[in-house]
Structure formats: C-alpha cells, structure tokens
Amino acid sequence: MLSLAVVNGPNLNLVGLREPEIYGTQSLNDYLQSLREKYAQIEFSFYQSNVEGELINYLQQCRGRVNGIILNAGAYTHTSIALADALAAIALPAVEVHISNVLAREDYRKTSYISGKCVGSISGLGLLGYELAVLYFLSNQGATPGENL
Ligand code: DQA
C-alpha cells in the first residue's frame, strides 16, 4: 500500500481562519480528511507542528516508514536549513506544496531551502496543490508501493 506523510508547518493549523483572502476559508484539516476518504487506497499520515524541531523529528521518523512526503513547511520554507537537511537525510521523495503563490508575494518568500531537496514544487493552486502532489505519487513516478520500506 502506498504510504504518504503530509507534513504541515507553522500556522497551517489555522488555514480556513487565517488571512482567508490568501489561504481561503476551508480548513486544511477538513480538506486532508476528504483526501483520505477519496484516496482510500493510500495510507495517509497527517502531521502539523508549529515547532521546527518537532517537524524535523517527525521527518526523521518517516524514514523507512512511508513511501513519500508532501511538505508545506510554511515560513520555515524560507528560513530552515535544518529542515532541508532533514529532507536530504531521510532520502525519501518529497513534493513541496504552498497554498499561495509564494513567488507572487514578498521577496523573502522567494527563497526556498526546501525546493532543492524535493522532486518538485506546487505553489499557488490553493488546497488543490495537496491533491496534485498525491496524484504525482499515485502516478508511479514517485515512490512505488513497498519501495524505501
Ligand atoms: C505558505 C507560504 C509561506 O510563505 C507562508 O509562510 C505560510 C504558508 C503557503 O502555503 O502558501 O505559512 O507555505
């Protein structure tokens, strides 16, 4: 069974409430639950933390346990060499997701330490970006079920 970890960083627990003009009004939690129902053939693990070290601990625990990572590191995208190192260390295919178009926003959002450690990035397509990342892994271009375990 394909096993995917969807990892969300700081403030993403508030999607649906926070800056709705940027992030929309749907709760990320509800959206991810709907993905779980729609793709019942996938074993999903959802994790969110506002704490950098906790995200790193979680990513390390994904090693040998899941086939792929879908990561929205929130603002840590633009600051965290440690998260980028964790991604490199676990050597799992990862897709970077951003709800908003980070390249159309403030300059400090134009740097991503995460992108270079990922197979690809999706930005600006709203919550749909998470589903598109799932489809990438389902397409078999990503991890094959059983691989890396
Ligand atoms: C975000 C974009 C980041 O720049 C921001 O800090 C976030 C959310 C997005 O999903 O669009 O918290 O990752």
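The legends below describe close-up views of one predicted model.

Residues are numbered from 1 along each chain as its sequence is written, and side-chain values use heavy atoms, without hydrogens or water. Local features need pLDDT of at least 70 and side-chain atom pairs count only at pLDDT 80 or more, while totals for chains, interfaces and linings use all residues.

View 1. Five parallel strands form an open sheet in the order 2-1-3-4-5. Strand 2 (42–48) and strand 5 (120–123) are the edges, each pairing on one side only. On average, neighbouring strands are turned by 20 degrees against each other, direction ignored. Strands (E, at least two residues) and helices (H or I, at least four) are DSSP runs, numbered from the N terminus. Two strands pair if DSSP finds at least two bridges between them.

**View 2. Strands 1 and 2 with their helices.** Strand 1 (residues 2–8) runs parallel to strand 2, joined by seven bridges. L2 has I42 as its bridge partner in strand 2. Helix 2 (residues 28–38) packs on the sheet and touches strand 1 and strand 2. The direction of helix 2 makes about 165 degrees with that of strand 2. Helix 3 (residues 52–62) also packs on the sheet, touching strand 1, strand 2 and strand 3 (68–72). Its direction makes about 175 degrees with that of strand 1. Axes are lines fitted to C-alpha atoms, for helices over the stretch in contact; angles run from 0 to 180 degrees between N-to-C directions. Contact means heavy atoms within 4.5 Å.

**View 3. V7 in strand 1.** V7 is found in strand 1. V7 is buried, with a relative accessible area of 0%. Buried means under 20% relative accessible area, exposed over 50%, and partly exposed in between (1.4 Å probe, protein chains only). Leaving aside neighbours within four places in sequence, V7 contacts Y47, L55, Y58, L59, I69, I70, L71 and N72. The C-alpha atoms of V7 and D107 are separated by 24 Å, at 100 residues apart along the chain.

**View 4. Nonpolar cores.** The largest nonpolar core has 23 residues, of which L4, I70, Y130 and V134 touch the most other members. Strand 1, helix 2, strand 2, strand 4 (94–98) and helix 5 (128–138) each give two or more residues to this core. Not counting residues up to four places away in sequence, the contacts of I70 include L4, V95, Y130 and F137. Apart from this core lies another of 20 residues, among them A5, I69, Y76 and A86. A nonpolar core is a set of buried Ala, Val, Leu, Ile, Met, Phe, Trp, Tyr and Cys residues joined through side-chain atoms within 4.5 Å.

**View 5. Strand 4, covered on both faces.** Five of the five residues of strand 4 are buried. A94, E96 and H98 lie on one side, V95 and V97 on the other. In a regular strand, side chains alternate between the two faces of the sheet. Three bridges join strand 3 to strand 4 in parallel, and I69 has A94 as its bridge partner. Four bridges join strand 4 to strand 5, also in parallel. E96 stands opposite S121 in strand 5.

**View 6. Two cysteines, no disulfide.** The structure holds zero disulfides, a disulfide being a pair of cysteine sulfur atoms within 2.5 Å. The sulfur of C62 is 13 Å from the closest cysteine sulfur, in C118, so the two are too far apart for a bond. C62 is buried, with a relative accessible area of 0%. C118 is also buried, at 13%.
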